[in-house]
Amino acid sequence: MTKRLLIVLAAMVAVLVPAAPAFAHNPLVEAVPAKNSTVKTAPAAVKLTFLEKLNGFKVTVTGPDGAAAGGSEPKVSGKTAEVTFADPLGNGKYTVAYQLTADDGDVVKGSYTFTVDAPVTATISAEPASEAPTSAPATVATLATTQAATAAEPASDDSGSGPWLGLIAGIGILVLAGAAIFVFVRRRNATK
């Protein structure tokens with residue numbers, strides 16, 4: 001019976017171990033603006049933070065029309081890269097595509113989107129200060145913004161799990177399988 005148990009455990013290890021090299025890659029752990037978020041103000045920059053130091057890093061930000069959004073060259077500092085924008089981004093869905101070289105030499109590519117909804121715009125309008133007749137009409141410059149809130153509201157963010165979710169699920173499956181085999185062996189021995 002222990003021979004069968006060893007065969008089952010060896011088979012489970014043989015199935016789960018080949019997935020381990022995928023955990024060696026450098027995953028994105030934080031993005032500002034966040035993945036799949038809708039921001040209420042146009043961001044001045046896109047900031048990406050990875051699990052490990054960046055090697056051979058490239059990033060492009062494309063706008064709703066598919067053209068480059070006109071960001072700066074990425075500034076890489078350790079685990080973080082940042083692209084800044086000289087002009088505010090307009091409304092629409094933006095795609096951030098990145099590429100880096102993992103420690104094992106593999107090229108890792110990834111992308112995510114965020115949406116800009118109602119960026120700050122300024123308009124100046126002239127309004128009379130009073131309705132009483134005066135020699136020169138007084139005007140007041142009014143600055144109106146179409147922006148109500150300045151905080152970004154993510155619609156959903158799935159960047160927090162990274163490879164750890166798969167690792168925890170794999171360990172959980174192994175523990176459950178081991179417990180089931182243990183109970184099976186105990187019951188079988190108890191009936192003899």
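This report walks through a predicted model of a protein, from its overall build down to single residues.

The model is predicted, so a few ground rules apply: local features need pLDDT of at least 70, side-chain atom pairs count only at pLDDT 80 or more, and totals for chains, interfaces and linings use all residues. Residues are numbered from 1 along each chain as its sequence is written, and side-chain values use heavy atoms, with hydrogens and water left out.

**Overall build**

The protein has two helices and 11 strands. Here helices (H or I, at least four residues) and strands (E, at least two) are DSSP runs, numbered from the N terminus. Going along the sequence, the order is α-β-β-β-β-β-β-β-β-β-β-β-α. Of the 192 residues, 24% are buried. Buried means under 20% relative accessible area, exposed means over 50%, and partly exposed is in between (1.4 Å probe, protein chains only).

The accessible surface comes to about 12,600 Å², and 62% of that belongs to carbon and sulfur atoms. Such areas come from the Shrake-Rupley method with a 1.4 Å probe; for residues, only the protein chains shown count as cover. As for contacts (heavy atoms within 4.5 Å), take those with a separation of 6 or more: 65% of them involve residues 24 or more positions apart.

**How the strands pair up**

Two strands pair if DSSP finds at least two bridges between them.

| Strands | Bridges | Direction |
|---|---|---|
| β1 and β3 | four bridges | antiparallel |
| β3 and β6 | five bridges | antiparallel |
| β4 and β7 | five bridges | antiparallel |
| β7 and β8 | 10 bridges | antiparallel |

Strand β3 is worth a look, as it is mostly covered, with five of its six residues buried. Towards β6 (residues 80–84), V46 is partnered with V83.

V59 stands opposite Y98 in β7, while T95 has T113 of β8 as its bridge partner. The hairpin of β7 and β8 has five residues between the strands, and in it G105 takes a positive phi near 95°.

**The aromatic cluster**

A pair of aromatic rings is described by the distance of the centres and the angle of the planes. Rings of Phe, Tyr and Trp (its six-membered ring) pair if their centres lie within 6.5 Å; planes under 30 degrees apart count as stacked, over 60 as edge-to-face and the rest as tilted. By this rule there are three aromatic pairs. One of them joins F50 and F57 edge-to-face, at 5.7 Å centre to centre with 70° between the planes. Another is F50 with Y98, also edge-to-face, at 5.2 Å and 75°. Together, F50, F57 and Y98 form one aromatic cluster.

Both F50 and F57 are buried. For F50, the relative accessible area is 1%, and Y98 is buried too, at 11%.

**The salt bridge**

The structure holds one salt bridge, meaning a side-chain nitrogen of Lys or Arg within 4 Å of a carboxyl oxygen of Asp or Glu. K40 makes it with D117, and their closest N and O atoms are 3.5 Å apart. K40 lies in the loop between β2 and β3 and D117 in the loop between β8 (107–116) and β9 (122–128), so the pair ties together parts 77 residues apart in sequence. K40 is partly exposed at 24% relative accessible area, and D117 is partly exposed at 35%.

Most residues other than glycine have a negative phi, and most peptide bonds are trans. The loop between β1 (28–32) and β2 (37–39) holds P33, and the peptide bond from V32 to P33 is cis, with omega near -5°. N36 is found in the loop between β1 and β2 as well. Though not a glycine, N36 has a positive phi of about 55°, and N36 is partly exposed, with a relative accessible area of 32%.

L167, I171 and V175 make a nonpolar surface patch of about 260 Å². Patches are made of residues with over 30% relative accessible area and no salt bridge: like charges are joined within 9 Å, nonpolar side chains (Val, Leu, Ile, Met, Phe, Trp, Tyr) within 5 Å. V175 is placed in helix α2 (residues 164–190), and V175 counts as exposed because its relative accessibility is 55%.
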